[in-house]
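Try each task before reading its solution.

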Amino acid sequence: MLPRHIDKKRAQYTFFFYLRCIFFCIFALTLVNASSNRIIMVQLHTLFGSFCKIGAFTIGGGYAMIPLMEKEIVDRHRWLEQEDFMDVLTLSQAMPGIFAVNMAASVGYRLRGVIGTVTAVLGNILLPIAIMIVWAICFRFLHGNPFFEAIFKGIRPAVVALIVSPVFTMAMTANIRWSNIWIPFAAALLIWLLGVSPILIILCAGLGGFLYGHYLERKEATP
């Protein structure tokens, strides 16, 4: 059991870490123009409620929220098209910081600008932070309890399914074919076997895509 002053410092660090992420996202998205200047007049309480639901029912990390986020944003409310959702997903992965916060900030900005960013991010993190605080308080009493250990053993396979499921959706949307299917496999092997940084993979993939697109443009322009 950790001393009380260490728990307090950890809680303060978590709070200011999330706060820095929020301000970074607002600053970055204000300076960098989004791929679409269209702002949809979504009700802020609807946006906040949707991301509250996403944050509250996401177990297993940021990538596990992709199916629920896609269902809310693309299927239910139709705020974004599937391709736009994939663009936002790619942008959120490339940005530094927490993926879930980046995703909420990007979607909120696309829908309502800066105020949408604040609303979506707050909706996404408030309930998880509250649950984390309650869980941290109760953990000392529940640790080693066979009932709760059995619950989490049952949750783990479902979390794996939540993470694997969007892989197939993303592959279909990203036009993964037999000609380029080697790229995600090569990236996964480089990260898994050789320990290559994902940041380096993203930078190299972006540079390769830019050069290949430039090559195709020059090829089409050549008579």
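**Exercise 1: the nonpolar patch**

Step 1. The largest share, three residues, comes from α6. Helices here are DSSP runs of H or I with at least four residues, numbered from the N terminus.

Step 2. Before going on, note that this is a predicted model, where local features need pLDDT of at least 70, side-chain atom pairs count only at pLDDT 80 or more, and totals for chains, interfaces and linings use all residues. Residues are numbered from 1 along each chain as its sequence is written, and side-chain values use heavy atoms, leaving out hydrogens and water.

Step 3. Now the members: Trp135, Phe139, Phe147, Ile151 and Phe152 make up this surface patch, together showing about 480 Å² of accessible area (Shrake-Rupley method, 1.4 Å probe, with only the protein chains shown counting as cover for residues). To join a patch like this, nonpolar side chains must lie within 5 Å, on residues with over 30% relative accessible area and no salt bridge (a Lys or Arg side-chain nitrogen within 4 Å of an Asp or Glu carboxyl oxygen).

Step 4. Both α5 (99-142) and α6 (146-173) supply at least two patch residues each.

Step 5. Phe152 sits in helix α6. Phe152 counts as partly exposed because its relative accessibility is 35%, between the cut-offs for buried (under 20%) and exposed (over 50%).

**Exercise 2: the whole chain**

Describe the overall make-up.

Step 1. Count elements: eight helices, zero strands.

Step 2. Check burial: 27% of the 223 residues are buried.

Conventions
Patch = residues over 30% accessible without salt bridge, like charges linked within 9 Å, V, L, I, M, F, W, Y side chains within 5 Å. Buried < 20%, exposed > 50% of the residue type's maximum accessible area, 1.4 Å probe, protein only.
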